Amino acid sequence: MYEPEVLRVYGATPLHYAICCGALRAASALAIAFPHLSRDKCYVDTDGSCSKNPAVWTTLDFASYFCNLYLNKDRGRHESFRQTSVILLTLQQNPSALPFLQFPTPRQRLVAAGRDAEAVLETFRSVAS
């Protein structure tokens with residue numbers, strides 16, 4: 001797989017940046033508070049030339065890219081990005097299975113999800129499987 005040395009990203013959301021940083025808990029909180037971010041796209045230039053035709057990437061594309069990047073290099077990071085992919089797939093394919101997403105405001109969704117980040121991640125995992 002081609003691994004560019006530089007990714008130039010345009011039009012990214014906070015969720016894209018949380019994914020790039022490998023901040024799984026931050027990405028989960030953003031996805032719960034603002035589920036629409038999971039469907040947002042941004043533009044990525046992988047050759048470093050500031051091309052006029054950058055690729056369009058979804059948040060899932062970001063997570064998948066980094067998951068593959070760390071596949072044989074860093075097991076912990078690979079697993080974090082794999083879990084992020086599971087969360088994004090769940091949000092896109094089966095949001096009604098996540099009870100905390102049924103609330104109308106970001107605050108209500110975060111309160112309903114609870115304070116235990118590991119329990120929230122387990123909810124995502126169980127719905128995805």
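**Notebook: a first look at the protein chain**

I began with burial: 38% of the 129 residues of the protein chain count as buried (under 20% relative accessible area, with exposed over 50% and partly exposed in between, using a 1.4 Å probe and protein chains only). I kept in mind that this is a predicted model, where local features need pLDDT of at least 70, side-chain atom pairs count only at pLDDT 80 or more, and totals for chains, interfaces and linings use all residues. Residues are numbered from 1 along each chain as its sequence is written, and side-chain values use heavy atoms, leaving out hydrogens and water.

Next I looked up the fold. I found six helices and three strands (DSSP runs, H or I of at least four residues for helices and E of at least two for strands, numbered from the N terminus). From the N terminus on, their order is β-α-α-β-β-α-α-α-α.

Then I checked the extent. The C-alpha atoms fill a box of roughly 45 × 30 × 20 Å along the principal axes.

Last, I turned to the rings. I counted six aromatic pairs (rings of Phe, Tyr and Trp, the last by its six-membered ring, with centres within 6.5 Å; planes under 30 degrees apart are stacked, over 60 edge-to-face and the rest tilted). One of them, Trp57 with Tyr65, is tilted, at 5.4 Å centre to centre and 45° between the planes. Tyr65 also pairs edge-to-face with Phe66, at 5.0 Å and 85°. I noted that Trp57 and Tyr65 are both buried, and that Phe66 is buried too. Which residues do ring pairs link into a cluster? I listed Trp57, Phe62, Tyr65, Phe66, Tyr70 and Phe81.
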